[in-house]
Structure formats: structure tokens, C-alpha cells
Amino acid sequence: MGRKRSSAANGMFGWMRRQSVKVKTLLGVIVALGCLVGLKFMIKDHNHFFVASEAIHAAGIFVLIYKLTTQNTCSGLSLKSQELTALFLAVRLACSIVMEADIHTVLDLATLVSTIWVIYMIRFKLKSTYIKELDNMPLYYMVVPSAILAALIHPYKTHICISRILWAFCVYLESVSVLPQLRLMQNAKMIEPFTSHYVFALGVARFLACAHWIIQVYETRGRYLFLVGSGYFWFPMALLAEAVQTFILADFCYYYIKSFMGGQLLMRMPV
């Protein structure tokens, strides 16, 4: 299926396939750095990165809602990823109401409500189209390590200890919440358009959030990582968590762009 590939896209990705892993990695780093430099000079208030990240995540959920309501199928979607998303959003929303209560709280609430609706559709209305056998990554693989890490490394602020631990738990869990979805897609080998749009939106959202941390570290010449009173290891671990999810999604985003530029309606994952 799919439209005929353009010769330019075919030639570019053909050249990419012939390169070594080191060359591909170097090109990816160069593109990422170029995007970071562009974002640094175009956007002065770096808090906007997080707002944009959360807005794009919400937009990705709305894409799923459109798929579920128009196609009446949840094939290709991971229920476990949606449950992990709902978990970290619910916890983060509770912490946000206590700790800051701003635009992030509103966006998290909208995303959480939408995610709960998606879970409801998968579990009940469209249960017959859910491929449980392919969605086979145990949730405790992500939840337990995130909880342990949060108890050990979390921010040190004026808020009560449990709020700080829960906030750290959200950061760590969010960084790995997409793994069941990627596992399902690898098992299925084929991803339909709306699911791929959703995961690509997650990739863009995580890149923007990671960009915020990297630019802050650069502008403070590394001091941002070890702010007094914030927990000596907290900021490095938060940055690492953002980088992990960005790295996890980077490979998918490459194949997504490759399929999009080649005019493919269905996206094939590498074995």
C-alpha cells in the first residue's frame, strides 16, 4: 500500500541505509544539535518548551481518539502504555495542584481525561479488536524500578517528602511509559497511520522537553545540574530520564519520517 515514493526521498534514504551505524549516529547528532541551536535562538522563554511538549502529547492523544471513533478499532494500540500514561499523569496532576497549579496543570488534566477515555474504549467498547497477545510487556518492569529510583533520588524543596518522591516517580515512569507500545509495534511488524502519528508526537514532545534541560545546562555552564537545595543528583537524573525516552523514540521517528517522505500509508518496523 502507499503512494509512489519520490525519487529524492528514495535516494536520500537509500544513501542512509548504506552508511555505517557510526555515520548514522553522527548525522542524527548533527541534526539534533541543529534543532537545539535553532530552538535556543527562536524561543527566549525556555518554559515554553514544556508547554509545547505537553500540548503535543495532548494532540497525540486526540489523534488516537479520532482513530477510535472513526475506525472503531484499537488494533495496534498498547493498553499497557496508556495505563502507564494515565498513572504518571494522575500522580503528576496531584503533585502539580499542590506544588504549582499553572498551565501545566490544565494541560495534564486534559491529557489525563483523554487517556482515561482511550483506556475505557480499549477495555470495553473495542475490546474485541485489542490484540492482547502482542501487548506482552509486564507493567512492573517499568513501575517498580521507577518507584525505587524515585525513593532514592528526588528533588529537595520546601514541599513535603511524599510530594517530592511522587514527582520524581512521574519523571522516571514517563521516560519508559512508551516501551510497551514500541514492543507491541515490534511484535506486529506493521503500524497503521494513526498509531504512528501518535508515537511520533510523543517523540517530538520528548525532544522539546529534553531541549529545555540541555539549553538550561548550556546557558548556566553546567551549574543548572547541581543547584543548591534541589538535590545533588536530581537534575542529572531528570535530564537522563528525558534523554532516555528521547533516545528510545529516536529510532522510531527515523522510520516514521522515512515512511512519510516515501509516501507509505503503513509503516513497517525493522525486525
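Of the 271 residues of the protein, 45% count as buried, where buried means under 20% relative accessible area, exposed over 50%, and partly exposed in between (1.4 Å probe, protein chains only). The structure is a predicted model, in which local features need pLDDT of at least 70 and side-chain atom pairs count only at pLDDT 80 or more, while totals for chains, interfaces and linings use all residues. Residues are numbered from 1 along each chain as its sequence is written, and side-chain values use heavy atoms, with hydrogens and water left out.

**Overall architecture**

- The protein contains 10 helices and 2 strands, taken as DSSP runs (helices: H or I, at least four residues; strands: E, at least two) and numbered from the N terminus.
- Along the sequence, these elements follow the pattern α-α-α-α-α-α-α-α-β-α-α-β.
- Among contacts (heavy atoms within 4.5 Å) between residues at least 6 apart in sequence, 79% join residues at least 24 apart.
- The accessible surface comes to about 14200 Å², and carbon and sulfur atoms hold 69% of that area; accessible areas come from the Shrake-Rupley method with a 1.4 Å probe, and for residues only the protein chains shown count as cover.

**A buried glutamate**

- Glu-174 belongs to helix α7 (residues 161-176).
- Glu-174 counts as buried because its relative accessibility is 6%.
- Apart from its neighbours within four places in sequence, Glu-174 is in contact with Phe-88, Arg-92, Arg-206 and Gln-245.

**Aromatic pairs**

- The structure holds 3 aromatic pairs; rings of Phe, Tyr and Trp (its six-membered ring) pair if their centres lie within 6.5 Å, and planes under 30 degrees apart count as stacked, over 60 as edge-to-face and the rest as tilted.
- One of these pairs is formed by Tyr-120 and Phe-124, which is tilted, at 5.4 Å centre to centre with 40° between the planes.
- Both Tyr-120 and Phe-124 lie in helix α5 (residues 103-125), 4 residues apart, about one turn of the helix.
- Tyr-120 is partly exposed, with a relative accessible area of 36%, whereas Phe-124 counts as exposed at 57% relative accessibility.
- The rings of Tyr-140 and Tyr-141 have their centres 5.0 Å apart and their planes at 85°, so this pair is edge-to-face.

- Ile-148 is placed in helix α6 (residues 140-152).
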